[in-house]
Amino acid sequence: MAASAKPARTGFLSKDYFERMTWVDWVLNALRVLILALVIIGATNTLLSGKYTLAQWVSLIMSGLAQGSIYALIALGYTLVYGILLMINFAHGEVYMAGAFTAYFIADWTAKSGLLASAPVIAVLIWVIVAALVSMGVAVLLERVAYRPLRGAPRLVPLITAIGASFFLQYTFRGLYGTGFKSYPAVPIIQGSVAIGGFNILIAQLVVFFSALVLMLALYWLIERTKMGKAMRAVSEDKEVSRLMGIDIDRVIVFTFLLGGALAGAAGVINGLYRPQGVNFFMGFFPGIKAFTAAVLGGIGSVPGAMLGGIFLGIIESVGPSLILDGLGINSANQLKDVIAFTMLVFVLIFRPQGILGERLKEKKA
Amino acid sequence: MKRSKLLLVLTAILVLALSACAAPVAPAGDAGSSDTGSEAAAGGGDATCDDAIGCIEIAPGDPLKVGGMLTISGATAYLGEDSRGGIEIAVNERGQIDGHDITVQIEDSLCSAEGGQTAAQKLAADPTVVGIIGTNCSSSGAAALPIVSSAGMLMISSSNTSPVLTSADTEAGGIWQPGYYRTAHNDLFQGRVAAEFVFNELGATTLATIHDGSPYAESLAAVAADVFTELGGEVTYQGAVNVGDTDMRPILTEVSSNPPDVLYFPFFEPESDFMAAQAKEITGLENTILMSADGSLVDSFPENAGEAAVGMYLSGPYLNPENTAYADFLAKWDEEIGGVPPSGFHAHAYDATNMLLDAVQAVAQESSDGTLLIGRQALRDALTATKDYPGLTGTLSCNETGDCATGEALGIYEVTQAEVDGNWPPPVVYTP
Amino acid sequence: MALLEVDNIHAYYGKIHALKGVSLTVEKGEVVSLIGGNGAGKTTTLRCISGLIKPTDGSVTFDDDVVADYAAHELVPMGIAMVPEGRGIFSKLTVQENMEMGAFYRNDKEGIKQDMEHGYHIFPRLAERRTQIAGTMSGGEQQMLAMARALMSKPRLLLLDEPSMGLAPVLVELIFDTIRDINQQGVTVLLVEQNAHMALQIANRGYVLQTGEIILSDNAASLRKDPMVQKAYLGID
C-alpha cells in the first residue's frame, strides 16, 4: 500500500510507463484529466456564451491581480520563515492584522487632523511605517517567546504553538481595540479610475499592484545582493556551517521575522488603501490561510514562488468562478471561489508536489 | 485483495462517522418530563411542584441564573457582545426577584452548529438556569434547539431570523420545538416588507440578491426574491459570497452583466461594507440602488461603507424616534458598558431578557423557607401568552410557535450623508 | 602557553560516550594531525574546539580564552576557522558568495577584496568559477572552495576535517601541498584525517585517537615508524 505512493519518475513517452503504473497513478492521472477537462469545458462554454464583455474580463483580472499582490506580500512572510526554520508560522496572519489594525488608528488621526488631505503621500507613508513597525514587533516577539525556546523540538510542537499564539494575538488585539469593524479613511488621490487601452482600471488597483511590486523587487534585491540576504540563504541551507562562518544564526532568524513582519504590515496598509473596510481583530485569519496556500502553491521556501503563487491564486479566485463554473452551469459560482482556488492547488500539486517554483526537499533538510 | 478490504474498512468508518454526526441532533424525546418533576416535588415546602415537565428550584439565598448562548469569539463576536449588553442592562435593572439575586452565565455558541450544540449542552445541564437568551445565529440556534427543548428549558433568541426555527411544519423544513421563542422578526416578514418596498415604493422592476451562505441571509434573500416575483417583478440574479470574503468585485461584475434596478444583500458587516463600497466602482451598476437588512443596521455601517452608503436602504426593526425608552437605554449602555452597542440586536436581547424575567416573576412560587419553585411548562405558557408587550423593539406578541415580533414593527431606513458623518439612526422612509 | 589546549574533555554523542578524556595541544605555527579510524571521535573533538558542541567535562582553551564561554560564531573573529567534514559549502550560493560568507564578521571591504584575490591566487580554478553556483562544481573544487572560504576569516588556527575524503589521488596531493603553503604563511593547522600517510607527511606532530581516547602521541616522523601505527593506519604489515 504505502510503497505504491512512490511517484513514478518515468515520462509519458517511455515504453514501460503503462506497465509501471500503479493504481494510485491511475487515480492521479484520472484526476488530472478530469480537472483539465472541467476547466476547458467550463471556460469554452462561458467564452462562447458571450455573457461577459472584454471590459468585464479585464476588470476581473485586475481585481485578481490586486488581491493576488496582497496575498503575495503576506505569503512572503510564510516562505521566508519556512526557508530558514522549516517551520510554518501559522500566526503570520495575525502579524498582518496587528499592523493593519494599529495603523488604522494613525490613519484615522491623519484624516481628522487634515494631514491626509494636505499631504496624502506623507500621510500614507506614515501609515505604512507604523504598520510595518508594529508587525515587525509582533513577529519578533513571536520568535522570541513562542518559537525560539522550541527550536530543537519535534516539528509539530512549534506548529501547535503557532496556532495557540495566533489565538492569543487575536484576543489580545480584540481586548485592546474592541470587536467592532473599522474602516481606513478614503485617500482622495487614489479614487476613481483611469482609461488604459480603452479599459477603465481602478487607480487603487494599480497602486496596490505597483507598490507590491516595488516591495517585492526590494526584497529580491535584499536577498540576492546584501550581506544579510546572503547570510539568510546560507543559514537556510546549512545552519551549522553558517555558525562556522561566524554568522549569528539567531540574528539572521530575527532578521527574517523582521522582514516578514515589515512586508505583512505594509500589506495591511496596501489592503486598506484598496479595501478600507473590515478592519477588525479577525481580519488576519482568512488572508493568512490564503497566503499560506499561495506560498505552498508557489513552492514553500521559494521567494519568487510566493510572489507567483499569490498572484496566481488571486487571479484564479477572481476569474475562476465566472470563467469556469459559470460555463459548467453552476449557480452562485462566486460562493465557490475557494473551491476553485483549492482545486487548482490540488491540480498544481498533483503535477508538481513541490509547488510551481519549489525544489524537492532534500532528505537532509526535511 | 488487500485493496478491497481497505475499501470495506473505509466505507465502514465513513458510515460510523456519519451516524456519529447525526446522533446528537436527534432529540432525547421526553426524557425531561418524569424525573425533574419528582425531584422538585420532594424539595418544596408548602408550595409543591405540579408542573407537567418539572420545576426549577432555587434554594433560599441562592441566585437564579439567566443563561446566554452568544457568539463571543470569532468574526461575529460583536453580535454576542451586543446581546450581552442588552441582557446585562435588563438584569441590572431588575435587581432581584423575590429576594433572589439574578446572575448571568454566557456560553460561547459561536455562529455555527457545533457551537450551538456545546453551549446548549452546558446550560441544559445546569438546573438553576431559568431560561436562555440566544442564540445569535440561526445555524447555532437550530443545533441548540432540540437540546434545550428536551431538557424542558426555553430559549429566546434576539437575532435568529430564519423562518424554519419557528415553523412546526416539518414537511416544509420546519424545526420548531416547544421552548423556542424569539424577539427577532422572522425573515418572512422582513423579506416581504423589503420586496414590497422595492416594487411598490421604488417602482423597481428588476432585483438581484446576494447572500453570504448563512441561513439568515439566505432565507431573507430567497423570501425577498420570491415575493418580488409574486408581485410581478423580475429577479435577474441570485448569488452568494462567503463569510470572510473581502473582494466583492468578481460577483459584482457578474451582477453587472445584466444590471438590476435594486441589489439586495441582506448580510452583516464587514462583508456588507465591502459590497456597498465596491458596488459603486463597477461599470454598469452606477444606477443600481443598494439595499441591505438589519444585519447591517448598525451605526458603524455607514461610516465603514463611506460615501457609497448614501442613498442606500436598510430594512430592519422600526424604532420610534419619539419613544424615549431607547434613548434611555443607550444612556445606560454608555454608563454601564461604555460607548455604543456594536450591532443592531441589543434591544432585542434586552426585550427578550425582560420578557423572560417577567414570566419568571409571574410563575414563581415561594415556599415558606424561601425556596423558589418555577414550573417549566408554566414558564413556557406564560411566554407564549405574551401579548402587546411594550418592548424597545416595538410591540411584541408571541404566537404558538414562538414568533414574538410581528412584521408590523419593521421599517425601511434610508442612509444619508448625515449617517456617514456619525448620525444614528437614519430616517425611516417606509413602514408597512 | 600553547595556542590550543584541549584538556581532558568528555563529550557524548546521544548516549554514546564519544570522548573519554581527550587531551592535546597545538603550538603556534605547527601542523598537528589527529588520526584515527571511523567513529574514533576525531570529528567530535573538532566540534568541541570550534564551539559547535560543549564538552560535558574538561576544557578547551584557545589563546587563553575558554572556548566553552563563547558561541561558535563568536570564535570565528577570535581566530578559529573550520572546514567541516564533507566540505559544507553552500551549494546554492555562488563561489564568490561562499567566499563572502567566510568573511562574514569582517567589515573592511578593501581587506576582504585583497584576501579574496589571495584565495583565488592559491586556487586559480576558483577564480575561473567566481559566478558559478557552488553546488555544480566537482568534489575537488568544492574542497578548494571550502578551504579558501575558511581563510577569508583570517584564522590563526585552521581546523580541517578529512580534507582528502573522496578525492582523486592527484587532488589529494594538491590539497596537502596547499595545506603546507597555508601553514608556511603563518596559520596553525589541526588536521583530522583517516589518510594517515598524507597527514603524517606534512605534520610536525600527531595524535592517534581510538574509541574516544588518545592512545599515542609523538612527532610525526616517530609515529610513521611506530609498528602499531604502521599496522593499523598505514597499511604496512
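Among contacts in chain B between residues at least 6 apart in sequence, what percentage join residues at least 24 apart? In this predicted model, the share is 73%, where two residues count as being in contact if their C-beta atoms, placed from the backbone, lie within 7 Å. Because the model is predicted, local features require pLDDT of at least 70 and side-chain atom pairs count only at pLDDT 80 or more, whereas totals for chains, interfaces and linings use all residues. Residues are numbered from 1 along each chain as its sequence is written, and chains are lettered from A, with ligands numbered from 1, in the order in which they are written.

Chain B comprises 432 residues, of which 58% are buried (20 or more other C-beta atoms within 10 Å of the residue's own, these atoms being placed from the backbone). Its secondary structure consists of 14 helices and 18 strands, taken as DSSP runs numbered from the N terminus (H or I over at least four residues for helices, E over at least two for strands). By an automatic or database domain assignment, chain B is divided into domain 1 (38-186 + 324-396) and domain 2 (187-318 + 410-430). The centres of these domains, taken over C-alpha atoms, are separated by 31 Å, and the contact between them takes 14 residues from domain 1 and 18 residues from domain 2.

An open sheet of chain B is formed by 3 strands in the order 1-14-13, with antiparallel pairing (strands pair if DSSP finds at least two bridges between them). Strand 1 (55-58) and strand 13 (365-366) of chain B stand at the edges with a single partner strand each, so that one side of each is left without a neighbour in the sheet. Strand 1 of chain B is joined by 4 bridges to strand 14 (residues 372-375) of chain B, in which Leu373(B) is the bridge partner of Glu57(B). Helix 13 (residues 376-384) of chain B lies across both of these strands and runs at about 60° to strand 14 of chain B (the angle, on a scale from 0 to 180 degrees, being taken between N-to-C directions of axes fitted to C-alpha atoms, for helices over the stretch in contact).

Between chains, 33 residues of chain B are in contact with 30 residues of chain A. On the side of chain B that touches chain A, the largest share, 5 residues, comes from helix 8 of chain B. Of the 2 pairs of chains that touch, chains A and B have the most contacts, while no contact joins chain B and chain C, whose closest C-alpha atoms lie 39 Å apart.

Methods. A residue is buried if 20 or more other C-beta atoms lie within 10 Å of its own, exposed if 12 or fewer, and partly exposed in between; C-beta atoms are placed from the backbone.
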